[in-house]
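Below is a short report on a predicted model.

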Amino acid sequence: MTYGYARVSSTDQNLDRQIEALKAEGIDERHILCDKASGKDFDRKAYNSLVGTADTAPMLREGDLLIILSLDRLGRNYSEIRGQWEHITNGLKADIKVLDMPLLDTSTSSDNLDRRFMADLVLQILSYVAEKERLSIRERQAQGIAAAKAAGKPLGRPRAEYPAEWEKYYTAWQGGEITATKAMEELGMKRTTFYKLVGQYEDAKPNA
């Protein structure tokens, strides 16, 4: 069985481009699972249906194929992506194919071992580069903070304040009850301010 997986980060974003790309691979739309959720972790309903949880059996079986358009649709945390990749390919013994990165393809074929090796190697390299970039950003931030303190400069811009009913509309938006546009209208906020507060709010949440 071949499955497709598509993801966008918020309810007002469109999945059509990913779905069309997956259908072009011959996947029946009934077998394309979609999430509208952040890629910062893997706590997502459709994705968990595919790979299973402690309480539910996975849809993916040995020999099945999971196709995604790009690696960041799977997630944005490379260390967690590697863990999920291991779970799918070695734990569930299914295959993964990333359409916009042909080397990330473990599809069953006569050179399956080579494909798996190359895919695992590329994933390791991507994880290494992403981790190095994270460390580099932290180092630059620390250097900037130290320099600002030494010069007696204020650190950073003031954090935006949340409107009175922020949590109500944020929760409704995340739950798919309203669109981001509707939440902005109700809160009387511009798009840039709304998404700035979303990032600020999610960064401050425990285990975000």
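## Charge over rings

The charged end of Arg44 lies over the ring of Phe42, 4.7 Å from the ring centre. The charged end of Arg44 also sits over the ring of Tyr47, 5.6 Å from its centre. A charge sits over a ring if NZ of Lys or CZ of Arg is within 6 Å of the ring centre and within 35 degrees of the ring normal.

## Basis of the model

This is a predicted model: local features need pLDDT of at least 70, side-chain atom pairs count only at pLDDT 80 or more, and totals for chains, interfaces and linings use all residues. Residues are numbered from 1 along each chain as its sequence is written, and side-chain values use heavy atoms, with hydrogens and water left out.

## Aromatic pairs

The count comes to 12 aromatic pairs. Rings of Phe, Tyr and Trp (its six-membered ring) pair if their centres lie within 6.5 Å; planes under 30 degrees apart count as stacked, over 60 as edge-to-face and the rest as tilted. Tyr162 and Tyr201 are edge-to-face, because their ring centres are 5.7 Å apart and their planes stand at 80°. Tyr162 is in the loop between helix 5 (112–151) and helix 6 (166–174), and Tyr201 is in helix 8, so the pair ties together parts that are 39 residues apart in sequence. Helices (H or I, at least four residues) and strands (E, at least two) are DSSP runs, numbered from the N terminus. Tyr162 is partly exposed at 34% relative accessibility. Tyr201 is buried at 17%. Buried means under 20% relative accessible area, exposed over 50%, partly exposed in between (1.4 Å probe, protein chains only).

Trp166 and Tyr170 form a stacked pair, 5.8 Å centre to centre with 25° between the planes. They are four residues apart in helix 6, so about one helical turn separates them. Trp166 is buried at 2% relative accessibility. Tyr170 is buried too, at 5%. One aromatic cluster is formed by Tyr162, Trp166, Tyr170, Trp173, Phe194, Tyr195 and Tyr201.

## Packing on helix 8

Helix 6 and helix 8 pack at about 90°, with their axes 12 Å apart. Axes are lines fitted to C-alpha atoms, for helices over the stretch in contact, and angles run from 0 to 180 degrees between N-to-C directions. Helix 6 is therefore roughly perpendicular to helix 8. Angles under 35 degrees count as roughly parallel, over 145 as roughly antiparallel, 65 to 115 as roughly perpendicular and the rest as oblique. From helix 6, Trp166, Glu167, Tyr170, Trp173 and Gln174 meet Phe194, Tyr195, Leu197, Val198, Tyr201 and Glu202 of helix 8. Contact means heavy atoms within 4.5 Å. This contact has eight nonpolar, one polar and two charged residues. Ala, Val, Leu, Ile, Met, Phe, Trp, Tyr, Cys and Pro count as nonpolar, Asp, Glu, Lys and Arg as charged, and the others, Gly among them, as polar.

The axes of helix 7 (residues 180–187) and helix 8 (residues 191–204) come within 10 Å and cross at roughly 105°. Helix 7 is thus roughly perpendicular to helix 8. Ala180, Ala183, Met184 and Leu187 of helix 7 touch Arg191, Phe194 and Tyr195 of helix 8. Six of these residues are nonpolar, none polar and one charged.

## Two loop residues

Ser10 lies in the loop between strand 1 (2–8) and helix 1 (16–23). Ser10 is buried at 6% relative accessibility. Leaving aside neighbours within four places in sequence, Ser10 contacts Lys36, Trp173 and Tyr195.

Lys93 is in the loop between helix 4 (78–91) and strand 4 (95–98). Lys93 is not a glycine, yet has a positive phi of about 60°. Most residues other than glycine have a negative phi. Lys93 is partly exposed, with a relative accessible area of 44%.
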